[in-house]
Amino acid sequence: MADRIPETAAQLYNALGQAYEEAFGHQPALGATLEHLLPLLPSRAKILDVGSGTGALVALTCAEAGHGVTGYDVSETMIELSRSRVPAATFELADMRDLEFDEGTWDAILVFFSMLQLPRTDQDAMISRFARWLAPGGYFVLATVPRDNPGRVGEWMGHWVQTFSYSTPVLRQRIEDTGLQVVREMPVEFTPASDQAHPEPQIYFTARKPLAS
């Protein structure tokens, strides 16, 4: 097993497709996070969904609330699924590290479990970029698996993957270091609907960019 090469995020999610939604699609904490967020946004807000997956729940819920949603994912399979599921939103194939937007472009940026295969240095850089891309008063929502994990390799959902993450206190500090203010923090334990994935801790952060003085 030691000589196995971990799959890239694109390889992993192209292979999983709908199976990912079947295992992870029912996440009450994710729904509760969206319920908290949506009333805080202006009407027809511009929402960036980074790692948009199948479009189920996140993009669909935001689009049905009347907001303009643009999603990006590295998986062609996920883009095809999301375009068919949420025709009111826009979905494009891209690695988040290749995205470029002007400062203040988005009213909300949503990142649900899509940085787990990024090395920590890339996660740090992306959190800083997300903060710049937010409009003053905008919201950044990040969900991940909080562990002191500098690069664990193992089997997940029948695939060989490498994951990276931070503990909750370190991740909170990373967010606050950008100038964003954490307004909601929700730790939960989640059990996937699959015998190929173990129960896991999850953390949901909602942070706000201060209004310009």
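**Close-up 1. A salt bridge between D148 and R120.** At 63% relative accessibility, D148 counts as exposed (exposed means over 50% relative accessible area, buried under 20%, and partly exposed in between, with a 1.4 Å probe and protein chains only). The partner of D148 in a salt bridge is R120, and their closest N and O atoms are 2.7 Å apart (a salt bridge is a side-chain nitrogen of Lys or Arg within 4 Å of a carboxyl oxygen of Asp or Glu). This pair links distant parts of the chain, with D148 in the loop between β5 and β6 (149-156) and R120 in helix α6, 28 residues apart. Helices (H or I, at least four residues) and strands (E, at least two) are DSSP runs, numbered from the N terminus.

A word on the model: it is predicted, so local features need pLDDT of at least 70 and side-chain atom pairs count only at pLDDT 80 or more, while totals for chains, interfaces and linings use all residues. Residues are numbered from 1 along each chain as its sequence is written, and side-chain values use heavy atoms, with hydrogens and water left out.

Close-up 2. Side chains of opposite charge can pair when their charged atoms come close. The structure holds 8 salt bridges. In one of them, the side chains of E100 and R129 meet at 3.3 Å, N to O. E100 lies in the loop between β3 (90-93) and β4, and R129 in helix α6 (residues 120-133), so the pair ties together parts that are 29 residues apart in sequence. Here E100 is exposed, with a relative accessible area of 63%, whereas R129 counts as buried at 12%. Look also for R172 and E185, whose closest N and O atoms are 2.8 Å apart in a salt bridge. R172 sits in helix α7 (residues 168-177) and E185 in strand β8 (residues 181-190), 13 residues apart. R172 is partly exposed at 25% relative accessible area, and E185 is partly exposed at 32%. D95, R97 and D122 are linked in a network of salt bridges.

**Close-up 3. The largest nonpolar core.** In soluble globular proteins, nonpolar side chains tend to be buried together. A nonpolar core is a set of buried Ala, Val, Leu, Ile, Met, Phe, Trp, Tyr and Cys residues joined through side-chain atoms within 4.5 Å. The largest core here has 28 residues, and L41, I47, L110, F112 and Y204 touch the most other members. Helices α3 (28-37) and α4 (58-64) and strands β4 (106-112) and β5 each supply at least two residues of this core. A second, separate core of 26 residues includes A131, W133, F205 and A207.

**Close-up 4. I47 and helix α3.** Leaving aside neighbours within four places in sequence, I47 is in contact (heavy atoms within 4.5 Å) with residues including L41, C62, W106, A108 and L110. In α3, the buried residues are A29, L30, G31, T33, L34 and L37. What covers them includes α4, β4, β5, β8 and β9 (200-208).

**Close-up 5. The largest cavity.** A cavity is a set of points, on a 1 Å grid over the protein atoms alone, where a 1.4 Å probe fits but cannot get out; lining residues have an atom within 4 Å of a point. There is 1 cavity of 30 Å³ or more, and the largest holds about 60 Å³ of space. Among its lining residues are M115, Q123, T144, S165 and Y166. Strand β5 (residues 134-144) gives the largest share of the lining, 3 residues.

Definitions and conventions:
1 Å grid on protein atoms, 1.4 Å probe; cavity = no way out; pocket = protein on both sides within 12 Å on 5 of 7 lines; lining within 4 Å. Points joined across faces, edges and corners; volume = space filled by probe spheres on them.
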